[in-house]
Amino acid sequence: MTTIKILIVTICMAGLSPIAVSQSSTPPRISASDAKNHPGETVTVCGKVVDTKISKYGLAGRGKPVNVDLDQPEPHPVFFFVTFGSQAGANPEEVQAAYQGKSVCVTGKITVVASTPYIMAADRSQIKIQAEDK
């Protein structure tokens, strides 16, 4: 009988251990220029907003996406993230005003398109404005 109890406890612990391991600490913090070395990883990318562009077309339920370039603007961006207004259908100009010229960090999974890494920050809580050093 004790062997069965030990076996059941072992199976439960083995089944729950991946959950405990997945509760890791915050993602690593990297610079915008280093993002190209981390495709597919979930990280926090930090840099200065140098340009924003509002897409011509919107997405149902989200409004128009806004591309935000960090550290280097187009035509040769090193990293960008895509976000939306604070609520569905929100004014995308509000996003531009909130981040333009500020240092920000965005957390998410890095994807690469046309050799430029980006993060889709559909939830604005993924974006944090950094305090300016004086």
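**Group meeting talk: one disulfide and what surrounds it**

I will start with the disulfide count, which comes to 1 in this structure. Please keep in mind throughout that this is a predicted model. The bond joins C46 to C105, with the two sulfur atoms 1.9 Å apart. The angle about the S-S bond is 110°, and the link between C46 and C105 is right-handed. C46 sits in strand β2 and C105 in strand β5, so the bond ties together parts that lie 59 residues apart in sequence.

Are these two cysteines buried or exposed? C46 has a relative accessibility of 15%, so C46 counts as buried, the cut-off being under 20%. C105 is also buried, at 3%.

Now the strands themselves. β2 covers residues 42-54 and β5 covers residues 103-109; the two run antiparallel and are joined by 7 bridges. One of the pairs to look for is V45 in β2 with V106 in β5. β5 has another partner, strand β8, at residues 127-129. That pairing is antiparallel too, over 3 bridges. Here V104 stands opposite I129 of β8. While you have the strands on screen, one general point: in a regular strand, side chains alternate between the two faces of the sheet.

Let me step back to the whole chain. There are 2 helices and 8 strands. In sequence order the pattern is α-β-β-β-β-α-β-β-β-β. The chain has 134 residues, and 31% of them count as buried. Its accessible surface is about 8400 Å², with 59% of that belonging to carbon and sulfur atoms. As for contacts between residues at least 6 apart in sequence, 54% join residues at least 24 apart.

Which residues have the most contacts inside the largest nonpolar core? They are V45, L70, F79, F81 and V106, in a core of 20 residues.

Take F79 as an example. Setting aside neighbours within four places in sequence, F79 is in contact with residues including A32, A35, V45, L70, V106 and Y118.

T83 is found in strand β4, which covers residues 79-83. T83 has a relative accessible area of 0%, so T83 is buried. Where does the T83 side chain reach? It comes to 3.0 Å from the backbone oxygen of A121. Beyond four places in sequence, T83 touches several residues, among them K64, V66, V95, R124 and I127.

Last, some backbone details. Most residues other than glycine have a negative phi, and most peptide bonds are trans. There are exceptions to point out here. The peptide bond from E74 to P75 is cis, with omega near 20°. P75 lies in the loop between β3 and β4.

A114 is not a glycine, yet its phi is positive, about 50°. S115 also has a positive phi, near 65°. A114 lies in the loop between β6, at 111-113, and β7, at 116-120, and S115 lies in the loop between β6 and β7 as well. A114 has 70% relative accessibility and so counts as exposed, the cut-off being over 50%. S115 is exposed too, at 67%.

That is the end of the talk.

Terms used
Residues numbered from 1 in each chain as written. Predicted model: local features only at pLDDT ≥ 70, side-chain atom pairs only at ≥ 80, totals over all residues. Heavy atoms only, no water. Pairing = 2+ DSSP bridges. Helix = DSSP H or I, 4+ residues; strand = E, 2+ residues; numbered from the N terminus. Buried < 20%, exposed > 50% of the residue type's maximum accessible area, 1.4 Å probe, protein only. Polar contact = N/O pair within 3.5 Å; in protein donor to acceptor, adjacent residues only side chain to side chain. Contact = heavy atoms within 4.5 Å. Disulfide = S-S within 2.5 Å. Areas by Shrake-Rupley, 256 points an atom, 1.4 Å probe, with all protein chains shown as cover. Core = buried A, V, L, I, M, F, W, Y, C linked by side-chain atoms within 4.5 Å.
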